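Please walk through this protein from its overall build to a few of its residues.

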Amino acid sequence: MKENKTIRAIGVVTLVTLFAKLLGIVRESLQARAFGTQIAADLYTTANNTTIYLFTTAAYALCIAAVPILTPQLRRDRKKGYAAANNLITISVLLSAVVAAVWIGATCVPAVADSLWEGGGRESAQLAGYMRVMILTLPVIVLTYLLVALFQSLKHFILQGSMSIPYNLALIVFLAVFAGQLGVGGYVAAVALAWILQLGMTVPYALRERYRYRPVLNLRADYVKTFLKTAVVTVLTTSIFLFCYLQDSSMTAGLTGSPVSAFYYADKLFTPLTTTLVYSISTVLFPQFSEKYTQQDRPAYLRYIWSMLRGTLLLILPMSVVLAAFGTPIVKVLFEGGSFDAASTAATGSIFTIYALSMAGFCALDLLSKAYYTMEQTLTPLLVNGGILLCNWGLNRLFGPRWGGAGLAAATAVSISLGGVVMAALLLRGAAGVRVVPLLKSVLAALAAGGALWALMGFVLNGSEGKLMLVAKCVGMGAAGAVVYAALLLITRQEDFRELLARYGKPKAE
């Protein structure tokens with residue numbers, strides 16, 4: 001009964017998150033049509049990457065660090081739990097305000113502003129101005145995500161997935177109505193102001209739980225050191241793809257024919273599609289990890305984590321190969337038009353296709369890192385993710401000059417995938433009863449289905465299709481690929497798939 005309730009919660013969170021992510025893709029599509037991959041778009045991309053994108057990733061890490069602290073406190077005593085939440089919010093918002101002030105001051109220094117962009121001084125000044133506007137969002141973003149941690153600890157799982165819905169809707173309206181008049185500068189201001197809408201999504205939950213923020217500042221509280229230590233580690237471990245992407249987009253500025261914004265749009269497709277399912281599952285399960293860990297011995301806990309990872313990869317693997325197979329057609333349907341031409345589609349599509357192959361590694365890193373946090377072990381995730389960054393840095397310099405943007409994307413895909421394998425091996429070493437064969441069956445079935453799709457595309461797609469016909473053909477081929485994947489799982493008697501069919505295939509008892 002409890003497992004079915006958990007699955008239903010994951011399903012609801014996934015659907016809400018998927019809707020929000022789809023709105024985000026619509027927003028990015030309109031942005032691509034409005035600004036394309038020209039210099040103005042590159043300036044916005046660079047400003048966004050070094051401010052809001054980085055801030056949201058860091059704030060999400062704060063959310064993860066706060067959940068294991070707030071969950072037991074709230075269960076023991078709601079009043080003390082709220083006091084702990086207020087203390088963590090006060091500390092984090094004050095720190096973020098100081099960081100924002102220093103950052104804004106730095107961008108006002110001419111030498112710093114000139115170092116932000118390799119182009120002319122006018123473009124550097126424009127970029128610095130964009131950054132100053134976006135830096136103002138840091139305290140708002142931090143406050144929003146710590147409130148998400150509080151309400152997630154109270155089992156309000158939908159908030160994290162739904163809070164970007166009004167944000168995306170507001171920016172969609174701006175791009176559809178005002179982008180032509182106000183340009184990139186107006187869009188920068190709109191993006192910063194729209195974060196207030198995300199903060200506003202927490203208000204109904206505060207009213208429902210009768211929560212009121214009251215400033216508390218107690219640096220000596222026993223949980224503060226744990227929070228700060230975990231937050232520092234999780235900034236890296238939860239944002240590993242972001243840092244690899246930033247390495248890629250930074251290095252591509254020096255390569256011929258690889259615009260920075262091509263990486264931006266590829267990432268804006270890859271990240272939401274990947275995180276929709278992965279983060280929906282971890283949002284529901286993460287508060288339960290500590291319960292499982294305290295109730296079971298270590299081998300049983302590790303088997304539980306491994307089974308959850310295998311079950312998630314059962315869905316992620318076919319998604320990965322389908323997205324890789326249809327990477328360029330997806331970019332063409334969603335983005336091509338206006339300032340986003342066929343060359344932009346080709347550049348973005350090749351990067352997205354390769355990024356899609358790292359979905360399984362991304363999933364493994366996310367779930368296994370949180371398994372380590374539950375055991376209050378942060379060193380292993382830190383070292384593994386640090387190794388991923390070094391690996392990506394080295395492979396970028398090996399692949400980038402040879403294959404351009406596609407080479408940089410391949411470096412990230414290889415580094416992320418290897419990192420997932422290494423972290424799983426380190427976590428599960430010496431654990432009895434951990435079965436690897438079911439996962440190998442899933443991997444081989446996904447590769448076979450993906451290979452069949454690649455072969456089929458050469459016969460079905462001729463390059464002259466309109467967007468509607470392209471969607472129809474890709475959906476049909478994707479469905480065929482899913483059938484092949486399921487058939488191979490049945491033929492190989494894949495245990496997780498058979499268990500899934502048995503659970504939902506049995507008629508309900510009267």
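This is a predicted model: local features need pLDDT of at least 70, side-chain atom pairs count only at pLDDT 80 or more; totals for chains, interfaces and linings use all residues.

The protein has 22 helices and zero strands. Its radius of gyration is 23 Å, close to the 24 Å that the globule rule gives for 510 residues, so the protein is as compact as a globular protein of that length. Along its principal axes, the C-alpha trace spans about 65 × 65 × 45 Å.

Next, the contacts. Take those in the protein with a separation of 6 or more: residues 24 or more positions apart account for 84% of them. Burial comes next. Of the 510 residues, 53% count as buried. The accessible surface comes to about 22400 Å². Carbon and sulfur atoms hold 68% of that surface.

Now look inside. In soluble globular proteins, nonpolar side chains tend to be buried together. Here, the largest nonpolar core has 141 residues. Which residues have the most contacts inside this core? They are L150, F151, Y355 and L427. A second, separate core has eight residues. F326, L453, L461 and M477 are among them.

Turn to the surface. V173, V177, F178 and L182 form a nonpolar patch there. Together these residues have about 350 Å² of accessible area. Where in the fold is F178? F178 sits in the loop between α9 (165-177) and α10 (179-200). Why does F178 count as partly exposed? Its relative accessible area is 35%, and partly exposed means a value between the 20% limit for buried and the 50% limit for exposed.

Compare a residue in a helix. T46 lies in α2, residues 39-49. Is T46 buried or exposed? T46 is buried, because its relative accessible area is 17% and the cut-off is under 20%. Leaving aside neighbours within four places in sequence, T46 is in contact with W117 and L127.

Finish at helix α16, which covers residues 327-335. Which of its residues are buried? G327, P329, V331 and F335 are buried in this helix. Just after α16 comes G337, which takes a positive phi of about 145°.

Methods: Residues are numbered from 1 along each chain as its sequence is written. Side-chain values use heavy atoms; hydrogens and water are left out. A nonpolar core is a set of buried Ala, Val, Leu, Ile, Met, Phe, Trp, Tyr and Cys residues joined through side-chain atoms within 4.5 Å. Buried means under 20% relative accessible area, exposed over 50%, partly exposed in between (1.4 Å probe, protein chains only). Patches are made of residues with over 30% relative accessible area and no salt bridge: like charges are joined within 9 Å, nonpolar side chains (Val, Leu, Ile, Met, Phe, Trp, Tyr) within 5 Å. Accessible areas come from the Shrake-Rupley method with a 1.4 Å probe; for residues, only the protein chains shown count as cover. A salt bridge is a side-chain nitrogen of Lys or Arg within 4 Å of a carboxyl oxygen of Asp or Glu. Helices (H or I, at least four residues) and strands (E, at least two) are DSSP runs, numbered from the N terminus. The radius of gyration is taken over C-alpha atoms; the globule rule is 2.2 Å times the number of residues to the power 0.38. Contact means heavy atoms within 4.5 Å.
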